[in-house]
Amino acid sequence: MLQFIKLRINGTERSVEADPATPLLSVLRGTLGLTGTHFGCGANQCGACNVMIDGQAVASCDTPLWAAAGKEIVTVEGLGTPERPHPLQRAFLAEQAAQCGYCTSGILISAAALLRRNPDPSEPEVRAALDRNLCRCGAHNRIVRAVLRAAKEAS
Amino acid sequence: MKATAQLPVNLKANPRLSRWLRFDAGGFVEVSPGKIEIGQGIVTALAQIAADELDVGLERIRMKPVTTASSPNEGTTSGSLSVEQSGSAVRHAAAEARAIYLNAAAQRLGVRAETLAVEDGTIVGPGNLRTSYWELADEALLARDATPGVTAKAPGARKIAGRPVPRLDLPDKVFGRPRFVHDLQLPGLLHGRVLRPVGPGARLTALDEAAARAIPGVIAVVRDGSFAGVVAETEAAAEAGLAALRKGATWSLAATLPDEGELADWLKSQPAETTTVDERHPTAPAPVARTVRRQYTRPFIAHASMAPSCAVAQWTGADKVHIWSHCQGVYNLRADTALALGLQPENIVVEHVEGAGCYGHNGADDVAFDAVLLARAVEGRPVRVQWSREDELAWAPMGAAMAIAVEADLDAGGGIVGWRGDVWSNGHVSRPGRMPIPTVLAASQLAKPFERLIAFNPPMTAGGGAERNAVPLYDFPALRVTCHRLLTMPIRTSALRTLGAFANIFAIESFMDELAAERGEDPLAFRLRYLKDWRARAVLEAAARRAGWSQWRKRDGAGHGIAFGRYKNFGAYCAVVAEVDADPDIRVRRLVVAIDVGEVINPDGVANQMEGGAIQATSWTLKEAVRFDRSRITSDTWETYPILRFSEVPAVEVEILDRPAERSLGAGEAAHPPTVAAIANAVFDALGVRVRDLPITRERIIAAAG
């Protein structure tokens with residue numbers, strides 16, 4: 001059943017007409033054209049579609065619209081811009097912390113959520129926070145270095 | 001550097017200079033290679049080469065996406081050949097273009113070309129005479145064929161190649177800008193989904209389409225034999241349509257798959273084509289005191305790309321189609337599409353758009369052909385087809401399972417005087433565009449199906465397939481290596497990073513370790529005794545030094561191991577030292593990789609490839625095996641096909657042995673083979689248990705110990 005649902009995405013109010021059971025991911029990518037968040041498995045097993053909801057990293061493929069309504073949603077597009085990059089984005093570029101980059105946006109979100117709750121994480125804490133994010137190219141260690149660098153530079 | 005007497009192969013095949021380069025009056029150069037970005041950073045490396053030869057800043061280089069509409073045909077982006085092949089072609093084309101523009105400048109300025117220099121595209125002559133590529137920009141200048149005899153810069157004179165430069169594609173990926181084919185937004189875009197069969201041998205015997213057609217937003221249901229799918233206005237409607245089709249489908253299931261518990265026996269009992277890979281006979285055979293025999297295996301391995309395969313297709317006429325694909329070879333996909341549908345190749349345009357990391361022949365071509373089949377039902381509108389995670393893990397081609405038997409004849413002192421190897425495997429290549437029958441998945445599922453190609457092995461001059469690296473690089477006086485390529489293929493196999501090299505080096509380097517242990521000799525010293533090639537010795541010694549091999553202190557439950565491989569026996573040299581803990585699952589703590597790729601174009605790019613390769617190989621070694629019952633692939637989720645996670649990833653240290661005077665060799669596949677063997681050898685060092693069947697799981701260790 002279609003309903004108008006209000007979403008607050010990257011600081012902006014958006015109203016979409018959709019079935020409240022629709023996964024948030026398909027509204028982000030389809031209706032709103034925010035394609036930085038990626039589909040990986042559709043089953044909350046890989047982290048490619050992670051977005052921040054009220055500060056927590058969650059899989060948007062597995063989150064129905066109704067559960068996101070009225071909350072603060074941040075996607076990779078909302079983290080920063082080339083002109084005003086998020087410390088993590090700056091650090092990922094400095095460390096060249098990617099190969100194919102498909103998993104990058106979800107990992108940036110998981111890392112951003114980590115730094116919100118723990119601005120000065122240890123390396124094992126970074127690895128634990130990213131453990132639900134899969135990377136197939138083997139960029140893990142660069143990614144961990146980038147997160148630690150971002151934490152250091154932000155402090 | 002001496003003038004090239006011959007054109008680089010890919011330039012010879014595509015000699016028109018304007019296909020490779022275009023100077024723009026706006027102050028930039030368009031470079032148009034035929035190799036594609038698959039997450040390995042090749043586009044950046046090629047831009048570095050062009051910038052260097054042309055004497056322009058890297059920011060003036062614009063890399064064009066690859067398309068059959070205009071790009072040179074450089075075949076597939078595979079085999080770690082891109083820097084070697086495309087790099088040399090781009091370098092030569094750029095050097096010749098520079099010379100042509102200098103001549104044009106000389107004419108305009110009334111001086112001799114030798115008196116001119118180029119500074120960031122500005123051409124400077126005596127007495128402050130000036131012009132530029134941008135002032136002279138004229139397409140007619142490069143509308144000619146490349147000629148041999150051009151002198152490229154000496155490696156020492158290069159300012160950009162050889163330095164770490166940031167990847168050109170990363171900013172888009174870090175800021176979440178559309179970059180992948182998955183993100184493509186075209187006017188009127190529709191969404192398609194394909195109903196894959198319940199198993200590789202299953203046939204669709206009946207399909208009730210009514211429920212799917214009744215779903216709002218579903219525009220078309222397509223069925224052709226065992227191929228079926230839906231097209232809809234939205235992705236959600238396409239998913240709903242697919243679910244309805246699935247309910248309405250009746251399949252005949254066939255138990256065509258082997259017993260996954262008896263893979264080695266199965267491999268060795270199939271009809272096969274047997275070839276001798278290499279033979280060496282001593283003039284005076286040494287006496288053999290005894291012979292040692294071992295067998296090593298690896299399972300089928302999945303590409304397991306992070307992104308399910310995706311493509312967009314749009315029919316622009318009854319016999320004309322445009323395809324957007326993350327395939328490895330645009331001309332190959334075009335050829336297969338033309339074959340499968342009886343179209344003229346020139347009526348098909350295949351445009352490359354990036355996908356997620358690509359480690360060989362994955363589902364990219366298959367999903368593109370799916371999109372072509374579905375889009376035909378809605379001529380004029382683009383249709384985007386995306387596979388599910390389950391499709392990706394179960395239906396993309398697999399890396400072939402292998403069994404390798406090795407025998408060594410030993411003299412009285414335990415030295416090796418003879419070596420024999422036998423490799424049993426499916427072929428490692430069934431790529432599209434190379435055969436008289438199409439190999440895209442759906443082509444064998446149509447009502448008038450094409451025969452399914454049995455995967456073959458590339459020739460040894462290209463490195464071979466199943467037999468890749470089956471011949472040890474060690475100097476044994478007598479040797480015979482044989483390959484048995486299966487003539488049945490119940491599980492579809494094709495190129496996965498390193499082809500047979502991963503398992504063959506696992507076998508050779510494990511066996512070398514076993515023989516060293518029997519002799520009671522240090523595994524490094526044992527290897528060096530049989531290795532004459534100085535570059536091979538150098539990587540082994542460099543890895544050992546960096547890892548502190550000789551200072552290792554043995555402690556309970558920990559071990560270290562070393563291994564070596566020269567990819568394809570004529571590519572990059574790589575040695576790896578692995579350090580593991582067994583607690584009781586195997587945890588790889590540290591990998592030290594020493595690599596010689598000849599002249600290095602982007603050192604950070606090489607380091608990134610080494611780190612990635614070593615980590616991916618660790619995942620294959622410790623965790624990965626395609627699972628199946630007798631009728632279907634069962635490892636079709638991340639839970640049933642687990643890969644290495646952040647908390648399990650080892651520290652990786654990379655030492656690059658730069659050899660500016662040596663030809664550049666590909667880096668993308670060099671680290672995998674020695675990594676698996678180094679880990680297996682470290683497990684033996686830690687536990688005294690030799691695991692010869694991959695993956696090295698707790699169950700396998702228990703089985704090997706028993």
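Biologist: In what order do the five strands of the open sheet in chain A come?

Modeller: Heads-up: this is a predicted model, where local features need pLDDT of at least 70 and side-chain atom pairs count only at pLDDT 80 or more, while totals for chains, interfaces and linings use all residues. Residues are numbered from 1 along each chain as its sequence is written, and chains are lettered from A and ligands numbered from 1 in the order in which they are written. Strands are DSSP runs (E, at least two residues; helices are H or I, at least four), numbered from the N terminus, and two strands pair if DSSP finds at least two bridges between them. Pairing in this sheet is mixed, and the order is β2-β1-β5-β3-β4 (chain A).

Biologist: Which strands of chain A stand at the edges?

Modeller: Look for strands with a single partner, so that one side is left without a neighbour in the sheet. That picks out β2 (12–18) and β4 (56–59) of chain A.

Biologist: Which residue in β2(A) stands opposite A:Q3?

Modeller: Strand β1 (residues 3–9) of chain A pairs with β2(A) in the antiparallel sense over seven bridges. Opposite A:Q3 you'll find A:A18.

Biologist: And chain B: what order do its four strands take?

Modeller: It's another open sheet with mixed pairing. At the edges are β21 (558–566) and β24 (651–656) of chain B. The order is β21-β22-β23-β24 (chain B).

Biologist: How many bridges join β22 and β23 of chain B?

Modeller: These are residues 573–582 and 586–596, paired in the antiparallel sense. B:C574 stands opposite B:I595 there. The bridge count is ten.
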